[in-house]
Amino acid sequence: MDDVIPWDRLVELSVIDSAQEGAAACVVCGDQIAAGRGVTARYGGRTLRFCCQGCLGRFAEDPDGFLAGYTEQWCSDLRSDSPTRLN
């Protein structure tokens with residue numbers, strides 16, 4: 001059960017609809033995400049973009065590290081600077 005995200009992290013991280021989101025880079029791996037694609041979530045007053053569920057899960061394990069600029073070189077979906085914005 002290593003893939004289980006602690007409940008307190010899930011409460012802080014909420015997934016929202018990506019349909020109206022523009023192109024961006026994945027917060028975790030840096031891969032480009034086409035407009036309306038990927039996974040979009042809110043965390044700490046920011047809207048964040050992820051290329052896949054795997055990257056969202058990795059972010060949930062260490063959100064502060066990724067927000068500080070840490071990135072991983074690959075993601076679980078093997079897809080190819082993250083613009084985050086305060087809302």
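Predicted model: local features only at pLDDT ≥ 70, side-chain atom pairs only at ≥ 80, totals over all residues.

Modeller: Residues are numbered from 1 along each chain as its sequence is written, and side-chain values use heavy atoms, with hydrogens and water left out.

Biologist: In what order do the elements of the protein run from the N terminus on?

Modeller: Helices (H or I, at least four residues) and strands (E, at least two) are taken as DSSP runs and numbered from the N terminus. The protein has three helices and six strands. From the N terminus on, their order is α-β-β-β-β-β-α-α-β.

Biologist: What percentage of the residues in the protein is buried?

Modeller: Buried means under 20% relative accessible area, exposed means over 50%, and partly exposed lies in between (1.4 Å probe, protein chains only). Among the 87 residues in the protein, the buried share is 37%.

Biologist: Which residues gather in the patch of negative charge on the surface?

Modeller: A patch is made of residues with over 30% relative accessible area and no salt bridge, like charges being joined within 9 Å and nonpolar side chains (Val, Leu, Ile, Met, Phe, Trp, Tyr) within 5 Å. A salt bridge, in turn, is a side-chain nitrogen of Lys or Arg within 4 Å of a carboxyl oxygen of Asp or Glu. The residues that gather in this negative patch on the surface are E12, E61, D62 and D64.

Biologist: Is D64 buried or exposed?

Modeller: D64 is placed in helix α3, which covers residues 63–67. Because its relative accessibility is 55%, D64 counts as exposed.

Biologist: Why does P63 count as buried?

Modeller: P63 also lies in helix α3. P63 counts as buried because its relative accessibility is 2%.

Biologist: With which side chain does the side chain of T47 make a polar contact?

Modeller: T47 lies in strand β5, residues 46–50, and at 2% relative accessibility T47 counts as buried. A polar contact is a pair of N or O atoms within 3.5 Å; within protein, one must be able to donate a hydrogen and the other to accept it, and residues adjacent in sequence count only if both atoms are side-chain atoms. At 3.3 Å, the partner of the T47 side chain is the side chain of R42.

Biologist: How far apart in space are T71 and V28, C-alpha to C-alpha?

Modeller: T71 is placed in the loop between α3 and β6 (85–86), and with a relative accessible area of 32% T71 is partly exposed. T71 and V28 are 43 residues apart in sequence, and their C-alpha to C-alpha distance is 5.0 Å.

Notes. Areas by Shrake-Rupley, 256 points an atom, 1.4 Å probe, with all protein chains shown as cover. Lys, Arg positive; Asp, Glu negative; His and termini not counted. Charge placed at Lys NZ, Arg CZ, Asp CG, Glu CD.
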